[in-house]
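Please open the structure in your viewer and keep the selection tool at hand.

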Amino acid sequence: MDTPPAAKRLPASRTHHGDTVTDEYAWLADREDPDTVAYLKAENEHTEAATAHLAGLREQIFDEIKRRTQETDLSVPVRKRGWWYYVRTEEGKQYPIHCRLAAEPADQPGGFADTPPEIDGVPDGERVMLDENQVAGGSDFFALGTLEVSPDGRLVAYSTDFEGNERFTLRVKDLQTGETLDDEVPDTFYSSAWAADSRTLFYLTVDKQWRPYRVWRHRVGTPATDDVLVYEEPDERFWVGVDTTRSEAYLLVEIHSKVTSEVRQIPTDRPDSEPVTILPRRQGVEYSVEHRGEDFLVLHNAHGPNFQLDAVPVVDPAGTPRVLIGHRDDTRLLDVDAFADRLVAYFRRDGLTGLRVLPDGGDAYEIEFPEPLYSVAPGANPEYDTRLFRLSYTSLVTPRSVYDYDPANGELVLRKQEPVLGGYEPAEYEQHREWATAPDGTRVPISLVCRAGTPRDGSNPCLLYGYGSYEASMDPWFAISRLSLLDRGFVFAVAHVRGGGEMGRHWYEDGKFGNKKNTFTDFVACARHLVSEGWTSVPRLVARGGSAGGLLMGAVANLAPDAFGAIVAEVPFVDPLNSILDPSLPLTVIEWEEWGNPLEDPEVYAYMKSYSPYENVEPKAYPPILVATSLNDTRVLYHEPAKWVARLRAAAEGGPFLLKTEMGAGHGGPSGRYDAWREQAFILAWIIDVATG
């Protein structure tokens, strides 16, 4: 298979708004066609042959990741009532083990100690709730959709997916007897929630387009056929979720589109009640809800794009609100955690995240952190009445760290930092913030990390990562696998392009709908900036992105192929127009409020067509491109990258263009950690080869 396979051409046409387009590779969308599977397998064989010379390097990188990782490890225990909950991993096992340990009574909020126990190995009294390795058995793929312990601690609801298509089977296990009950509900979605009686369980199901749209009520011990439909969302733009407030007083049915929200509540002590709307949906207004005392806390954007926090009476949510945190042009409010004696707000400002504490009877203040670049977020905080606040912290050089913050004295107590075996020293690396200038004059932030003393003479290989959609922010993060690049002289950089949320809501708005091309030109500007500042050179610069970030990769490959030495696109959304034109596909109607509706609007159609990677491949030189996808992906269907590679081979120059398809996985790729490490080693070996070879 040294010669790449040539996809057959079966012209099919589409016509919209007077525009007829021929798609010679549309046949690849039929996964039941034996020719489709044969073609994907042939591509895999070719990719393996084309990268066979990297087998030794792949194994070396895999060994580096494995050697640096503490394979037998456990998370910091989190207390919920009378139990400490934690997750263990064991050397040689692909999946985590979910455990708990009885908490000691203490004269503290909640009646139990809030300082987590120090656990070494398997402690006496440990109760294994769910061993994912046992549940997975010999399956090639396994994913857990939900894991929720009942309020009385007796039962755990969990759901499993063995294909990667995000269709889960929901089950219930008795934690006292270890018995898995007869309760079994197929075809559920992520998330579940218990009522206060610990016998009533709420869950979600999806429609044919994989949209979660129904909330069901299940009574433990009864057949699924007796389950009661609690809520159904008819508007195809909206999806639903289900959760409980931290106070556990209310179950929330959360209904969202890309730009509009509605939340309905059910008292957890009256689970048979009809869900009651807290605030009716208003087009363009997003909100989320927490509960505290006599109030619902409503985080909303009704009076400004960066959101504000109000308190409204539970008995009259439509009444006059009290403003707890007002709107600020420089601060995007992200979330709020409600506790018995305080609130903690999660926000974003100047491209960094932060936490603001609002204690009862005291002045609000922000928790400070020492590094110039970092990412902080609320950790696992299930208890409503607790003295401490759990948070997570990381940076490009600081491994993931778990802290407990004590509002009484302002003390941050480090509970655990991700171990990096083999003598990792953060001081041997340095992180920087750079700013590129986009064609319209906008300054675009870049975060980067490299070995200390790295020269800026253009000699360094560099990996530039980007995403830029859905207001998702690529905040600084630490990765053990990245050390295999940095220790080989690489610079690793993240382009915080518009379409993400790094600089506030306007950053997102400036990179969607008719502004989408800003995402692509921002990324190219970042690439050219890194070259002009001497961090790298074009032949040594590799771009990488996945999913919507894969759209970014495909777009910049067409826009500025001369700016990159190579490109990696993972599960890439590279045929967006054809997908968004088809309402029968998963998530398409929901996505119209992100990209526009090309079915109805000729301007949207023309704009999307002008940047669609698949539709704009040209007969010019492209850099080498590695494309990874999964056959069972329900978010970005496998045929998008398959068609793109086929067209690149047929129409473009340069390359080579390689396609690697996981034949038994979904959007996230391989599910087991060792399989994921091998996949990462495959991609990193290719990056090293093209950037330094």
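Begin by selecting Asp-350, which counts as exposed because its relative accessibility is 59% and the term requires a value over 50%. The model in which this residue is viewed is a predicted one. Asp-350 sits in the loop that joins β24 (342–349) to β25 (352–359). Its phi angle is near 55 degrees, a positive value in a residue other than glycine.

Next, select His-17. This residue also has phi near 55 degrees, again positive although the residue is not glycine. The loop that holds His-17 lies between β1 (12–16) and β2 (19–23). Is His-17 buried, partly exposed or exposed? With a relative accessible area of 38%, His-17 is partly exposed.

Proceed to Gly-655 and Pro-656, and display the backbone between them. The peptide bond from Gly-655 to Pro-656 is cis, and its omega is near 5 degrees. Pro-656 belongs to the loop between β39 (653–654) and β40 (657–662).

The aromatic side chains come next. How many aromatic pairs does a search of the whole structure find? The search finds 23. Select Phe-189 and Tyr-190 with their side chains shown: the ring centres lie 5.0 Å apart and the planes meet at 80 degrees, so this pair is edge-to-face. Planes over 60 degrees apart are given that name. Phe-189 counts as buried, since its relative accessibility is 14%, and the limit for a buried residue is under 20%. Tyr-190, at 29%, counts as partly exposed.

Then select Phe-369, Tyr-374, Tyr-393 and Tyr-403 together; ring pairs link these residues into a cluster.

Finally, show the whole protein chain as a cartoon. Its secondary structure consists of 12 helices and 40 strands. The C-alpha trace spans about 70 × 55 × 50 Å along its principal axes. For 693 residues, a compact globule would have a radius of gyration near 26 Å, and the protein chain agrees with this because its value is 25 Å. Buried residues make up 59% of the 693 residues.

Switch to a surface display to end the tour. The accessible surface of the protein chain is about 26900 Å², and carbon and sulfur atoms contribute 49% of it. Colouring by charge brings out 69 positive and 110 negative side chains, two sets whose centres lie 1 Å apart.

Definitions and conventions
Residues are numbered from 1 along each chain as its sequence is written. Side-chain values use heavy atoms; hydrogens and water are left out. Helices (H or I, at least four residues) and strands (E, at least two) are DSSP runs, numbered from the N terminus. The radius of gyration is taken over C-alpha atoms; the globule rule is 2.2 Å times the number of residues to the power 0.38. Buried means under 20% relative accessible area, exposed over 50%, partly exposed in between (1.4 Å probe, protein chains only). Accessible areas come from the Shrake-Rupley method with a 1.4 Å probe; for residues, only the protein chains shown count as cover. Lys and Arg count as positive and Asp and Glu as negative; His and the chain ends are not counted. The place of a charge is taken as NZ of Lys, CZ of Arg, CG of Asp or CD of Glu. Rings of Phe, Tyr and Trp (its six-membered ring) pair if their centres lie within 6.5 Å; planes under 30 degrees apart count as stacked, over 60 as edge-to-face and the rest as tilted.
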